[in-house]
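Here are my notes on the model you sent. Please read them with the structure open.

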Amino acid sequence: LRVVDANAARRATPEDCAQCPAESLGLFSGAFRTQRAYLVDGFRIVQVAPQELLYRLGDTAEFVIILRYGLMKLVRYSAGGDERIVRLARGGDTVGLEALSGTPYRHTAVALSDTALCRVPSRLVLETERNDPRFVDRVMAEMQEELEKADLFLSIHVNASRNRSARGVCRAMMARTSASVRRLRPTTRAT
């Protein structure tokens, strides 16, 4: 997989924000005009092709990402190299919120389709938080929503995995039971 070229990002314009499908969703939805004029100057729009990496687990988290459109999977890898999808993100979703706490990215972000996103420097979000206490509420609500999405995604997959495991155990037990019944069943001999 190829990492997206960070230099390919272009500066966002107020028109980009006005036409953005994520404008009414996510972290910066409903931002006041004066806020938006200040914020948009730091936004960078990036086009990501399918199977391109936006960032890797452990990379320095410098940006909060808002998906304009498209689909991305956020994955972790087991020690054996097996991929585990921890979340799917689509237009309007925000990823990379760990950048606000100064920790590295906690997963790898891979585009599943043609995707457009807005890269927002974490320092810009943190400055906005300091200057507008109402924005802190929005950031906290966004973080909570992203946690709930991740929890829901994981619970669906854990339950599906449990169901598959339970079905496998049942099949194994049925096979053993059938074998035991065949051994116990008296055979009829023709005389």
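1. The cut-off for buried is under 20% relative accessible area. Keep in mind that this is a predicted model.

2. Which residue pairs with Lys 73 in a salt bridge? The partner is Glu 83, and the closest N and O atoms are 2.9 Å apart. This pair links distant parts of the chain. Lys 73 sits in strand S6, Glu 83 sits in strand S7, and 10 residues separate them. Glu 83 has a relative accessible area of 40%, so the residue is partly exposed. In general, side chains of opposite charge can pair when their charged atoms come close.

3. The count of salt bridges comes to 2. Asp 93 and Arg 87 also meet through their side chains, at 4.0 Å from N to O. Are these two residues buried or exposed? Both Asp 93 and Arg 87 are buried.

4. Now the overall layout. The protein chain holds 4 helices and 10 strands. Along the sequence the pattern reads β-β-α-α-β-β-β-β-β-β-β-β-α-α. The protein chain has 191 residues, and 38% of them are buried. Its accessible surface is about 11800 Å². Carbon and sulfur atoms account for 55% of that surface. Take the contacts in the chain with a separation of 6 or more: 78% of them come from residues 24 or more positions apart.

5. Next, the sheet. Five strands form an open sheet in the order S1-S4-S9-S6-S7, and the pairing is mixed. Strand S1 (2–3) and strand S7 (83–90) stand at the edges. Each has a single partner strand, so one side of each is left without a neighbour in the sheet. As background, strands of a sheet pair through backbone hydrogen bonds, either parallel or antiparallel.

6. Look at S9 within that order. Strand S6 (residues 71–77) and strand S9 (residues 108–111) are antiparallel, with 4 bridges between them. Leu 74 has Ala 109 of S9 as its bridge partner. Val 75 faces Thr 108, also in S9, as its opposite residue. Strand S4 (residues 52–55) pairs with S9 too, again in the antiparallel sense, over 2 bridges. There, Leu 53 stands opposite Val 110 of S9.

7. How are the faces of S9 covered? Thr 108 and Val 110 lie on one side, and Ala 109 and Ala 111 lie on the other. All four of these residues are buried, and both faces of the strand are covered.

8. His 107 deserves a check. This residue lies in the loop between strand S8 (94–95) and S9. Its relative accessible area is 10%, so His 107 is buried. The His 107 side chain makes a polar contact of 2.8 Å with the side chain of Tyr 55. Leaving aside neighbours within four places in sequence, His 107 also touches Arg 56, Leu 57, Leu 74, Val 75, Arg 76, Val 86 and Glu 98.

9. Leu 71 belongs to strand S6. Its relative accessibility is 30%, so Leu 71 counts as partly exposed. Which residues does Leu 71 contact, leaving aside its neighbours within four places in sequence? Among them are Leu 88, Ala 89, Arg 90, Val 110 and Ala 111. Leu 112, Ser 113 and Thr 115 are in contact with Leu 71 as well. Leu 71 and Asp 93 are 22 residues apart along the chain, and their C-alpha atoms are separated by 9.7 Å.

10. Last, the surface. Which residues form a nonpolar patch there? They are Ile 85, Leu 88 and Leu 112, with about 210 Å² of accessible area together. Leu 112 is in the loop between S9 and strand S10 (115–121). With a relative accessible area of 33%, Leu 112 is partly exposed.

Key. Residues numbered from 1 in each chain as written. Predicted model: local features only at pLDDT ≥ 70, side-chain atom pairs only at ≥ 80, totals over all residues. Heavy atoms only, no water. Pairing = 2+ DSSP bridges. Buried < 20%, exposed > 50% of the residue type's maximum accessible area, 1.4 Å probe, protein only. Contact = heavy atoms within 4.5 Å. Areas by Shrake-Rupley, 256 points an atom, 1.4 Å probe, with all protein chains shown as cover. Patch = residues over 30% accessible without salt bridge, like charges linked within 9 Å, V, L, I, M, F, W, Y side chains within 5 Å. Polar contact = N/O pair within 3.5 Å; in protein donor to acceptor, adjacent residues only side chain to side chain.
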